[in-house]
Amino acid sequence: IAIYYLSTHITNISSLIVTSPWLVLEHRFSKGKLFIGNIIRHIIPTFMLETGFTAEDKRRKQDAFKKYGNDPLMHDKVSIRLFYEIIFAGQRSSRSIYKINMPVLVMHGNNDKIASFKASRNFVLNASKKTIFKEWPDYYHDLLADEDSDEVFKFITDWLNSEPWRI
């Protein structure tokens, strides 16, 4: 959604950091399910869907699973309207990334079971030269809470402190 927003609006934002963007889901839904869901989203936009994603799909950090399961803000549901808005934003972002002319850091774990790592990598190929892609080998979806997340934060800090991206 942040990528889509920047590709369609003039802003004072000077840079963007995106982790594991939902440009395309790793799991593919049948055309029939998507068709029916598209109809339902217009009739009952607040209808809640179970995502089917588990804590184990999001990170490798075993001790985080228990905390994650007990956190009332973490759940496996999404409204059908939000689900489709994110799908459409991902599609539109992929077509309009070339419009973003600012430093963008896109990071993705190559074992992400939720958002497509390949879609993120391909997305960056169409971006400006100011866009950097950082692959995190063996990481899952939630880079900032996965094992060794201190390495991810260090990379972000180093990127923010580096001169080449500054305008």
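Mentor: One term before we start. Helices and strands here are DSSP runs, numbered from the N terminus; a helix has at least four residues and a strand at least two. Also, this is a predicted model.

Trainee: Fine. Where is S20 found, then?
Mentor: S20 is in the loop between β1 and α2, and α2 covers 31-43. Its phi is positive, about 45°, although S20 is not a glycine.

Trainee: Is S20 buried or exposed?
Mentor: Buried. Its relative accessibility is 4%, and the cut-off for buried is under 20%.

Trainee: Which loop holds D138?
Mentor: The one between β5 (131-136) and α7 (149-161). D138 also has a positive phi, about 70°, and is not a glycine.

Trainee: And how accessible is D138?
Mentor: Its relative accessible area is 46%, so D138 counts as partly exposed.

Trainee: Switching topic. Which residues touch the most other members of the largest nonpolar core?
Mentor: I3, L16, I97, I100, V104 and F123, out of 14 residues in that core.

Trainee: Which elements each supply at least two residues of it?
Mentor: α1 (2-8), β1 (16-19), β4 (104-109) and α6 (117-125). The largest share, 3 residues, comes from α6.

Trainee: Why would such side chains gather?
Mentor: In soluble globular proteins, nonpolar side chains tend to be buried together.

Trainee: What is V104 in contact with?
Mentor: Leaving aside neighbours within four places in sequence, V104 contacts L16, K130, T131, I132 and W159.

Trainee: Which residues does the second core include?
Mentor: Among them are M107, L143, V152 and W159. That core has 8 residues and is separate.

Trainee: Now α7. How many residues does it have, and how far does it reach?
Mentor: It has 13 residues. From first C-alpha to last, α7 reaches 18 Å, close to the 18 Å expected at 1.5 Å a residue.

Trainee: Which residues of α7 are buried?
Mentor: S149, V152, I156 and W159. They lie on the same side of α7, because they cover an arc of only 80° around the axis.

Trainee: Why does that kind of spacing work?
Mentor: An α-helix has 3.6 residues a turn, so residues three or four places apart point the same way.

Trainee: What about the other side of α7?
Mentor: D150 and N161 are exposed there.

Trainee: Last one. What do the buried residues of α7 pack against?
Mentor: Three strands: β1, β4 and β5.

Technical notes. Residues are numbered from 1 along each chain as its sequence is written. Side-chain values use heavy atoms; hydrogens and water are left out. A nonpolar core is a set of buried Ala, Val, Leu, Ile, Met, Phe, Trp, Tyr and Cys residues joined through side-chain atoms within 4.5 Å. Buried means under 20% relative accessible area, exposed over 50%, partly exposed in between (1.4 Å probe, protein chains only). Contact means heavy atoms within 4.5 Å. The expected span of a helix is 1.5 Å times one less than its number of residues. The arc is that of the directions from the helix axis to the C-beta atoms.
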